[in-house]
Amino acid sequence: MVLAGCTTTRQSHDLGGGHGAKVARDPHYNSGTLRPYTVRGTTYYPKIPSVGYSETGTASWYSEELPNPHTANGEVFMADGISAAHKTFPLPSVAEITNLDNGKTIRLRVNDRGPFVQGRIVDLSRGAAKALGVYQTGTARVKITFLGPAEGAGPVYAGPTYTASSGDDRRYIVQLGAFAHEANAEAAQDRLEDARIDRRGGLYIVFIGPYKSAAAAETHRQDAIDAGFSGAILVRSD
């Protein structure tokens, strides 16, 4: 009834050359981000909702430069990119968000956790906030609709992910994080024994391994997750 009474005009935002976040054909989520987690005494239970599932509530936006500049999914956070954080959607996924105050709609990549503020359902990157008309107001009433799993590569993606499978004898590393500043990478390295740093493409990649198979690497990835690296991913090293 609220939507039916809205007099604003629905607008579709072009996300960079006409290409928005794309839904993958084969579902593949970061398994580490599907586990229950606790923030400020509240436990959240991630789940995979049905395509078309929607929520209505308040959106906010974030862009702080954090000591660990990657998202809960292990991707590099780009404040001016088009992405969002949600407390329970699987990562990475695609969602459509409509600003109910002005009718603007965008499709974006959900790759982070939050917002952990009562009454808010989604945190937008600065770029997404500008696209939706939320940048100036700070918050807005929105509708967010789950569309499915996101493709493995995207504008805020730090590296490929792989699913462990039996009989895979290729070598893998466990990527713990990708950092813009060396000091942050060294701080992450100190948190886990045998972690190393490799500089690639202007980023400092913190990793452990390599391991002789995806199955072996997956065991160490679970150890890394238990050590606090919730966005740890497998990356093939050969």
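## Strand β9 and its partners

In this predicted model, strand β4 (residues 54-62) pairs with β9 in the antiparallel sense over 6 bridges; two strands count as paired if DSSP finds at least two bridges between them. Strands (E, at least two residues) and helices (H or I, at least four) are DSSP runs, numbered from the N terminus. Within this pairing, S54 stands opposite T145 in β9.

Strand β6 (residues 93-99) also runs antiparallel to β9, joined to β9 by 7 bridges. N99 has V142 in β9 as its bridge partner. Because 7 of its 10 residues are buried, β9 (residues 140-149) is largely enclosed by the rest of the structure. Buried denotes under 20% relative accessible area (1.4 Å probe, protein chains only).

## The four-stranded sheet

An open antiparallel sheet consists of 4 strands in the order β11-β12-β10-β13. Its edge strands, β11 (196-200) and β13 (233-236), each pair on one side only. Strands β11 and β12 (residues 203-211) share 5 bridges in the antiparallel sense, and R196 has F207 in β12 as its bridge partner.

Helix α2 (residues 182-189) packs on this sheet, touching β10 (172-179), β11 and β12, where contact means heavy atoms within 4.5 Å.

## Overall chain and conventions

The protein chain contains 3 helices and 13 strands, and 47% of its 238 residues count as buried.

Residues are numbered from 1 along each chain as its sequence is written, and side-chain values use heavy atoms, leaving out hydrogens and water. Local features need pLDDT of at least 70 and side-chain atom pairs count only at pLDDT 80 or more, whereas totals for chains, interfaces and linings use all residues.

Definitions and conventions. Buried < 20%, exposed > 50% of the residue type's maximum accessible area, 1.4 Å probe, protein only. Axes fitted to C-alpha atoms, helices over the stretch in contact; angles between N-to-C directions.
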